[in-house]
Amino acid sequence: MSHPAAQPKRAVVLVSGGMDSAVTLALARERGFACHALSVRYGQRHDAELDAAAELARTLGAVEHKTVVVDLRSIGGSALTADIQVPEHDPGEALDTGIPVTYVPARNTIMLSIALGWAEVLGADDLFCGVNAVDYSGYPDCRPEFIAAFQSLARLATKAGVEGHGFHVHAPLIAMSKADIAREGARLGIDFARTVSCYQADAQGRACGRCDACRLRADGFAAAGLPDPTRYA
């Protein structure tokens, strides 16, 4: 007598439209998860990354893609959600140290909380996010300590957690350099030209080439020895 095939485990994957979240989604799929992709329209400067997120979810095999709206522009406090200039740097110029003005207060906490809520509804125990603690802009919510703390919170603060579901927050890129991420994406066959990382991309998703996100991305491709497929304005 044949037995029905086991259903793949479900996971909620945060997908921003950038290269890190694209690799994270592809890795979750490679690990056999049925991926429910989640993007957040939080008042960021442009919609191009959200358009990219929808396309990535489709082309990388997500079961479904949902965009949730949270108005972080109403509280501001960041160059991405308020009328504060995004820092720009010339090629070869060192990036600023410390936490830059592009840090969005509590953004990853809010996004993971929404992902956690959806995971609980879906009956999923796994969350994936593309945070990175090596080549990043100094954001405090991209560190391993934050991921570990949020995982503990997830198990304490939910009905599913109280009833014994052991939530896992996966951050597969946390210890990778941008060069590592570029190489991993190449291995996975990701078309990075379809991703948008720039803080101030135009309506077509073309990058400025001067903000911290553009600089980190370009340096990553160069260090990996890979051609930079980024579309620049």
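This report describes strand pairing, aromatic pairs and selected residues in a predicted model.

## Basis of the values

Because the model is predicted, local features need pLDDT of at least 70 and side-chain atom pairs count only at pLDDT 80 or more, while totals for chains, interfaces and linings use all residues. Residues are numbered from 1 along each chain as its sequence is written, and side-chain values use heavy atoms, with hydrogens and water left out.

Helices (H or I, at least four residues) and strands (E, at least two) are DSSP runs, numbered from the N terminus. Strand 1 (residues 10-14) and strand 2 run parallel and are joined by five bridges, where two strands pair if DSSP finds at least two bridges between them; L38 in strand 2 is the bridge partner of L14.

Seven of the eight residues of strand 2 (residues 34-41) are buried, that is, under 20% relative accessible area, against over 50% for exposed and partly exposed in between (1.4 Å probe, protein chains only).

## Aromatic pairs

The structure holds four aromatic pairs, defined for rings of Phe, Tyr and Trp (its six-membered ring) whose centres lie within 6.5 Å, with planes under 30 degrees apart counted as stacked, over 60 as edge-to-face and the rest as tilted. One of them is the edge-to-face pair of F33 and F128, at 5.2 Å centre to centre and 70 degrees between the planes. Since F33 lies in the loop between helix 1 and strand 2, and F128 in strand 4 (residues 126-128), this pair ties together parts that are 95 residues apart in sequence. F33 is buried at a relative accessible area of 11%, and F128 is buried at 0%.

Another pair, F146 and F150, is tilted, with 6.3 Å centre to centre and 45 degrees between the planes. These two residues are four apart in helix 4 (residues 144-156), a separation of about one helical turn, and both are buried.

## Backbone at A106

A106 belongs to the loop between strand 3 (64-69) and helix 3 (107-122), and its phi is near 65 degrees, a positive value in a residue other than glycine. Most residues other than glycine have a negative phi. A106 is partly exposed, with a relative accessible area of 33%.
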